[in-house]
Amino acid sequence: MSRNGNRMSRNEAAGAGRRGDGASNAWMIVATREIVVRALNKGFLIGLAVTVAMIGGLIGFTAYLDGRTQSFDVAVVASDESASTALESAAAEAASDDQKIELSVVRVDSAAAAETALDEETADAWLSSAAAAGADGWTLSGWREPDGELTQLIETTVRDQVLAGHAVDAGTTMDALTAGSEVETERLDGNPVDPQIVFVAGFVLAFLFFMGTVGSGAMIAGSVIEEKQSRLVEIIATAVPLRQLLAGKIIGSSVIALGQNLLLAAVGLVGASFTDLSAILPAMTTTMLWFVVFFTVGFVAVAALYAVAGSLASRTEDLQYTTSPLMMLLMGVYVVTFSADGMLERVLSYIPPASIVSMPVRVLNGDALWWEPLVSLLVLVVTTLGALLLAERAYRGALMQTGGRVTWKTALAAERGTTLGA
Amino acid sequence: MSDLEVRDLTRVFSTGGTSRRAVDGVSFTASSGLLTGFVGGNGAGKTTTMRMIMGVLAITNGEVRFGGVPVTRHDRREFGYMPEERGLYPKQPVLEQLVYLARLRGIAAPVARREVLEHLDRLGLADRSKDHVEKLSLGNQQRVQIVAAIMGQPKALVLDEPFSGLDPAAVDTMVDLLREHTRRGVPVLFSSHQLDLVERLCERLVILGGGKVLANGTPDDLRSQGVTRHRLVLSGDAGFVRGVPGVLAVDVDGPSALVEVHDDAAAGRLLSAALERGAVKEFSPVRPTLAQIYREVTA
């Protein structure tokens, strides 16, 4: 009687009528464990922190280069009036036009003093006109070659000033002379995104794909072989169907991989908003969302195949053999997708797993019609389902085979244990 | 509670062109409330049989029954099982992973936690519950593994070499634990190489060799099946026993001899011959040990 009492109290505490009910949510228990174990893994956290820091640092550096204002002290001999005038309008131009350049005028007494100022680095450059000597021509001197942007600014100012002088001499005005000479740029491909940026984005997506799949794939393979090698899986298999164990592992590692990519993408996008890329942020965000959707679907297949790779091994040492075909595939996708363009890219954008990277890139460069990502996604979903079915069979076939590596063929042909199925 | 019964269980492994019958028509019953010892040399088929009982390995032929009907996956879910090779998650704390395994068997987390802590306490591991399994000694890992098998009031226990690597005190604690389960009416089947241990503990014994059951019964049954030997101690030299018809001298050492007597007439001839030579100090049957029986049936 006391036994029954015991059973009752446990069931009450469990809030479930019978113990068998637990099997239906076993995948959740497994997935939770996978996530917690991974999220608390020091190596994983350090790797993630380093990646985030690298992205942040890169963006910060770019933003710094973009946003930094260079200031120059330019010397001029006080008696050199044309040069003084030119410098003052250059300084005004720099100040007015957000040139990211600042110019202050340093007046010195003589050419010798100007040279000394350059030598002592109290001035970055020295502008002198030959007009004082009654000749034509200008010289911008520096201790070394003067800065390019500074030279460009001063050249423009000097040209305008000299032209204005000539215009007056010719009895006309600058405006009359330059009227109708503005050139505007226009792109006809209708895409606001620079091909250079598309290339970089392709590289970034390929990298995120590779990082996410290989890192989390290795995790799921490791977790499978850990259980197989220790025969822990035999204990688990008597408690829950292997299908649920596999589902829990795939879901757990997918959540981790997705979370990692979302974090990196968010850091990247938020960072990009502080740089010149902010103009194309909406297009980039759309692309990122497509990437996340494609990655989420595709990763399920990758995770399932990595689980099989884990189950084919008999010891942790075997993993490098059993996972290498997958590794090759993912590496191939990484290399091919970030460099592909034109027809090749169009084809790749429909072939999983390359489509995970190529289709979002095509969305970014405006090449894809609205329905193309949807069709490609459908192809990916179907492929993923196929991979899942195949993987589930191979996983169950290989998991209980001890003694040596198992091949895909024997795993698929294997008779399964009597109760290990659904 | 119910018996765990194995009927004509067969497993054929085929690799390439060759096939091997690892288990060949094995039948026995692990009765409810009894400790059944499963004995046999390496490759006798113990582990293969146990894996088939647990459904971890596909059965080629035969069946496993529990409570008189074919075993189901729900039954097996409530069996406690300890596989051949030891191992848990090396980098996860003891308590955490035992609770995880219990939850997979459908036990609510708080209940599992309480029960696991209770077991760890009894096995002297309460203060190690937060340690990673890999930090524990092999003996302690073994205890953790046992807890994994016996938590959740299992309906049957199938334990592959549960005592290997344990010191005598730990064996006693473990036996006490197992006895608690047999007292509940649970059948307990365990394999072992340690014959003296099996002899001391088991109510039933199954000897396996070459994939077949060689002997099956209570230890007393098995012992009585063997040829009984007698010890004869005389005042003088016992060398003469070698010449008595119907008597096989196993060992002669001065005044003492160990003999196998084939029938009562031979025993009479032996005794009268001995009395002719002087006083008989001792003439007693020597019960064979299980180790002897084991050697006989597996020879």
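I count two strands as paired if DSSP finds at least two bridges between them. I take helices (H or I, at least four residues) and strands (E, at least two) as DSSP runs, numbered from the N terminus.

**Entry 1: the model.** I note that this is a predicted model, in which local features need pLDDT of at least 70 and side-chain atom pairs count only at pLDDT 80 or more, while totals for chains, interfaces and linings use all residues. Residues are numbered from 1 along each chain as its sequence is written, and chains are lettered from A and ligands numbered from 1 in the order in which they are written.

**Entry 2: a sheet in chain B.** I looked up Arg229(B) and found that its bridge partner in E14(B) is Val286(B). Strand E11 (residues 229-234) of chain B is joined to E14(B) by six bridges in the antiparallel sense. The open sheet has four strands in the order E12-E13-E11-E14 (chain B), and its pairing is antiparallel. At its edges I find strand E12 (247-253) and strand E14 (280-286) of chain B, each pairing on one side only. On average, neighbouring strands of this sheet are turned by 20° against each other, direction ignored; axes here are lines fitted to C-alpha atoms, for helices over the stretch in contact, and angles run from 0 to 180 degrees between N-to-C directions.

**Entry 3: a sheet in chain A.** I then turned to an open sheet of four strands, ordered E2-E1-E3-E4 (chain A), with mixed pairing. Strand E2 (101-108) and strand E4 (138-141) of chain A each have a single partner strand, so one side of each lacks a neighbour in the sheet. Strand E1 (residues 70-77) of chain A runs parallel to E2(A), with eight bridges between them. In E2(A), Val105(A) is the bridge partner of Val74(A). Helix H4 (residues 81-96) of chain A packs on the sheet and touches E1, E2 and strand E3 (125-129) of chain A; contact requires C-beta atoms, placed from the backbone, within 7 Å.

**Entry 4: helix H13 of chain A.** Which residues of H13(A) are buried? I list Leu330(A), Val333(A), Tyr334(A), Thr337(A) and Phe338(A); buried means 20 or more other C-beta atoms within 10 Å of the residue's own, exposed 12 or fewer, and partly exposed in between, with C-beta atoms placed from the backbone. Seen down the axis of H13(A), these buried residues fall within an arc of 100°, so they line one face of the helix; the arc is that of the directions from the helix axis to the C-beta atoms. They pack against helix H8 (195-229), helix H14 (342-348) and helix H15 (355-364) of chain A. Among the exposed residues on the other side of H13(A) I note Ser324(A) and Met328(A).

How values were computed
Two residues are in contact if their C-beta atoms, placed from the backbone, lie within 7 Å.
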